[in-house]
Amino acid sequence: MRNRIIELTTAILACIVCIATAQAQDGQDDVAVSALRPPVGTVRPSCKVSMTVAFASDKLGNSTFVATGRATFKTTAVTADDDVAGNTEQIVGLSATATNDAIGTITWTLADGDATPTTINANQKDADFPATSDIYFTPEATISSQPGAVYRPQTEVHLHSENLNSFDPQTDESYTSDEKINFYDVKTGELGFSITLSDITVNAVPDDEILRPDIGLLFKCPASWHTKFTSKEIGTVEFDATASATFSTASVTGQDEAAGNTQTPVALVASASEAKLGTIDWQFSDNDVAGNGTATAITANQHDANFPATSDIYFTPIARLSAHPGVVYQASREVHLQNTNLNTFFPQQSESYTIVDGPIDFIDQATKQYAFTIELTNFVVGGDNAAGNGNNLEDDPLLGDVTR
């Protein structure tokens, strides 16, 4: 009898230990899979932003209008399991636009440089929500009625919410920005205009709008590739190149069609260095920027999902070599990049493209004579292997010259 009692007691204790262990493991799992601790390095789906803008300018007057756009973030760190749930993020994509009769179309994109980390942290240790969110970024602005001017604030924009109740995606989350934001002309340093933001709302991008962005929305993409350069003068040399390219949404497909859009090239800043050539720089031709080239298109491969999709990028590059100052070279035909298995958009993340129709000949614009041939391989758009950090342009002299 005594042995049976001992066995029964041992079984009960073992059961209690198992239950306690399971509960502890469940608790650990709950912490590990907290919505506020996404995997580090994850570029999250872009969010849709709307806001009321009070615009003030000595030159353009005062007006109030609504701006809409998209923003994308990448998780850079998460809090420890014994801390309140939370994470820090890096903004990697931003585009917002508004059209007003008095000023034309104003567009904001992400300026170059590192931003203060965006943070989202729970207000308590026992639950993800409510949480506090602080978003930091530096925007850059262009105005269609002021061609050639680029405006930037001297301090970061700070959006704040102390009662965040959703994340990844955020749903109808309201933010405040208590500061007036002064934008200065990058070239002259003069105050161009000021804005005050209110009614700031962040939402998930609806599934049917992921590949159907607002017309006029800008997309800045970093890219990298390997170049094989051949000319009669120097023979063949090879080098790596990096770029940042900007495209503007020109059209979107109808709801009864596969999701997709077309885009117009806006600006290209690409460069590489090679001992015999010096520095070689590329940019889009004026014909591309004017929208007269073949439209870049991204279209889902099926009707019931955004991805995979097919992306066809078209542009005619212009090149300059520091070894040949004053000479401008233009591609003899459009460059066609293609990816039939695209799985990310705004931003694209390490998407690989192939060059359709092989090597590209360049001619001297002045003499119309053949100058050299380039062959591009290992072409990647977005990701850590490409130039920049998502959607930043290190230097974009063309963007301010484009009116939309």
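Guide: Ring pairs join Phe55, Phe65, Tyr151, Phe183 and Phe193 into a cluster, where rings of Phe, Tyr and Trp (for Trp, its six-membered ring) count as a pair if their centres lie within 6.5 Å. The model is a predicted one, in which local features need pLDDT of at least 70 and side-chain atom pairs count only at pLDDT 80 or more, while totals for chains, interfaces and linings use all residues. Residues are numbered from 1 along each chain as its sequence is written, and side-chain values use heavy atoms, with hydrogens and water left out.

In total the structure holds 13 aromatic pairs. For Phe55 and Phe193, the ring centres are 5.0 Å apart and the planes stand at 20°, so this pair is stacked; planes under 30 degrees apart count as stacked, those over 60 as edge-to-face, and the rest as tilted. Because Phe55 belongs to strand β1 (residues 47-57) and Phe193 to strand β12 (residues 191-204), the pair ties together parts that are 138 residues apart in sequence. Strands here are DSSP runs of E with at least two residues, numbered from the N terminus. Phe55 is buried, with a relative accessible area of 2%, and Phe193 is buried as well, with a value of 1%; buried means under 20% relative accessible area, exposed means over 50%, and partly exposed lies in between, using a 1.4 Å probe and protein chains only.

Another stacked pair is formed by Trp225 and Phe379, whose ring centres are 5.0 Å apart with planes at 0°. Trp225 lies in strand β13 (residues 218-231) and Phe379 in strand β24 (residues 370-381), so that this pair connects parts 154 residues apart in sequence. Trp225 counts as buried at 9% relative accessibility, and Phe379 counts as buried at 7%.

The peptide bond from Phe129 to Pro130, however, is cis, with omega near 0°, and Pro130 sits in the loop between β5 (118-122) and β6 (131-137). Phe346 and Pro347 are also joined by a cis peptide bond, with omega about -5°, and Pro347 is placed in the loop between β21 (335-342) and β22 (351-356). Asp172, in the loop between β9 (157-164) and β10 (173-175), has a positive phi near 50° and is exposed, with a relative accessible area of 54%. Asp199 also has a positive phi, of about 50°, although it is not a glycine; Asp199 is found in strand β12 and counts as exposed at 57% relative accessibility.

Finally, there is the largest pocket, with a volume of about 360 Å³. A pocket is an open set of points, on a 1 Å grid over the protein atoms alone, where a 1.4 Å probe fits, with protein on both sides within 12 Å along at least five of seven lines, and lining residues have an atom within 4 Å of a point. The volume is the space filled by probe spheres set on the points, which are joined across faces, edges and corners. The largest pocket is lined by 28 residues, of which Arg44, Pro45, Ser46, Cys47 and Thr72 lie nearest its centre. The elements that each give two or more residues to this lining are β2 (61-78), β5, β6 and β12, and the largest share, 4 residues, comes from β2.
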